[in-house]
Amino acid sequence: MKILKRLLKIVFALIGVLIITGIITLWVDSKRTNYLKVNKNDPTSNNSYLITNVNIIPMNQDTVLVNKMVYIKEGIIEKIADNIEVSEIQIIDAKNKYLTPGLIDMHVHVWDKYELGLYLSNGVTAVRNLWGMPMHLRIKEDVIKGGIISPTFFTTGPKLTGREFIGDDNLNLTNPGEAKEKVIAYKNRGYDFIKTYYGLEKEIFDAVIEQAKISEIDIVAHPSQKVPFSYHLNPQIKSIEHAEEIVQQPLQFDLDTIKLQPIIDSIAESKHTSYCPTIVVFNNIYQMMIDDSILDSESLGYMNPLIKRVDSKNQFDRWFNAKQEDPTAVSRIKNQHDFHITIVQKLHEAGVSIVCGTDAGIGVTIPGFSIHKELKFYKEAGLSNYEVLKTATVNASKTHSFMNSMGTIEAGKIANLLLVDENPLLVLSSLENPTNVFVNGRKLDRKTLESYNEKAKNRKNLMASALRYLENLIFEK
């Protein structure tokens, strides 16, 4: 009996040490991202000022409003005019630069707060996180309360899958009743959307859709192979993710433009449906296959260290082995990527609302930086610079009703803005290094934005990230 008591004491002591170590690890990591906290004594906390001598790209029409003034009051665009008289307010001389709406990345996976700074440094002023965990609700609360400088933050709940698609990253639903319970629970907890994923059978999917409509919560769909592709055109589903899913499901990997057209036509007929192609994440498979040293590249230093060690490595190994087993795999992946460009072209020609998303945060798809690669692919598909910019601004803002307050430069809209040196309607690459980023009216200069990059590069928070992921496994299953 004495031996048992001693063993129990040792076990409890070890558990206590582990808990204390975990708390300290998370506390230290949170302190390292204090640079994102709003300091009321810092100039970036000011969200009321007058911008003068600025050329505006409003994105509610294809035009440039030359030499205007913009009055920002408490983070909201109050007025745009040739001349505005406001007393006792900070004046920002834009020096004839160009003001555009901030970019919106509609498909990301956020793993830590460092990534919020990476998005801002690349001009991304709003993100839609599509793999929700408890930590994302905390980030969302911090953003809403104005505690941290961050892109406007939206998140789905955990990924809802069917019985067969097992994995620690999925929430497996076994019956319609459970599906309805999860939808209600995620809405009550504060998640903004429901994310549906592989393997949802019709009766369970029907229950998700039915309850989402009752609970008034939108669905974002990674198509399920258990139902026809057309099933995802339900009005409750506001966007469909990934061009590759069109290839994999209705086309069954047959890269045939004649067979593609009826699918495109059906999406176009569904006026409530937006499509999020995420071209860059699939193209990165090709990049991994042609670059054996990609995991050692400088850009991978911006990935979360846990993801880099686990997901990036696993994906690289998978595709490295694939090309060893089948030398034609490289050309096959490249051909499919090229077909994705054709899909975007056809979607655009049919009038489908394309919304920009990157799937950043997984594999080798870098948070923030990847959006500019995604936009270039849309340009390659034949969209004009204005049409490309729409995908990451006004189109994205129309996808969900509560995002309508961003995406254009108009009175009453949130002051999520970019100030760039050249007109992006002529030079798309000018979006890559904005002179200033305004997020909820707070002005960030290039020096501050570069510091966000530096602090995120090669960060040492693998253990803290693992603890947050463990929290998800314990409390979301």
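Reader: Why is Asp317 called partly exposed in this structure?

Author: In this predicted model, Asp317 has a relative accessibility of 27%.

Reader: What makes the contact of Lys313 and Asp317 a salt bridge?

Author: Their side chains meet at 2.8 Å, N to O. A salt bridge requires a Lys or Arg nitrogen within 4 Å of a carboxyl oxygen of Asp or Glu, and therefore the pair Lys313 and Asp317 qualifies. The two residues are 4 residues apart in helix α9 (residues 305-325), so they are separated by about one helical turn.

Reader: Why is the pair Lys180 and Glu210 also called a salt bridge?

Author: The distance is 3.3 Å, N to O, and the cut-off is within 4 Å, so the term applies. This pair links distant parts of the chain: Lys180 lies in helix α4 (residues 176-189) and Glu210 in helix α5 (residues 202-215), 30 residues apart.

Reader: Is Lys413 called buried or exposed, and why?

Author: Lys413 has a relative accessibility of 15%. Buried means under 20%, so Lys413 is buried. The side chain of Lys413 meets that of Glu410 in a salt bridge of 3.4 Å, N to O.

Reader: Why is Glu410 called partly exposed?

Author: Glu410 has a relative accessible area of 29%. This value lies between 20% and 50%, so Glu410 is partly exposed.

Reader: How many salt bridges does a search of the whole structure find?

Author: The search finds 22 salt bridges.

Conventions: Residues numbered from 1 in each chain as written. Predicted model: local features only at pLDDT ≥ 70, side-chain atom pairs only at ≥ 80, totals over all residues. Heavy atoms only, no water. Buried < 20%, exposed > 50% of the residue type's maximum accessible area, 1.4 Å probe, protein only.
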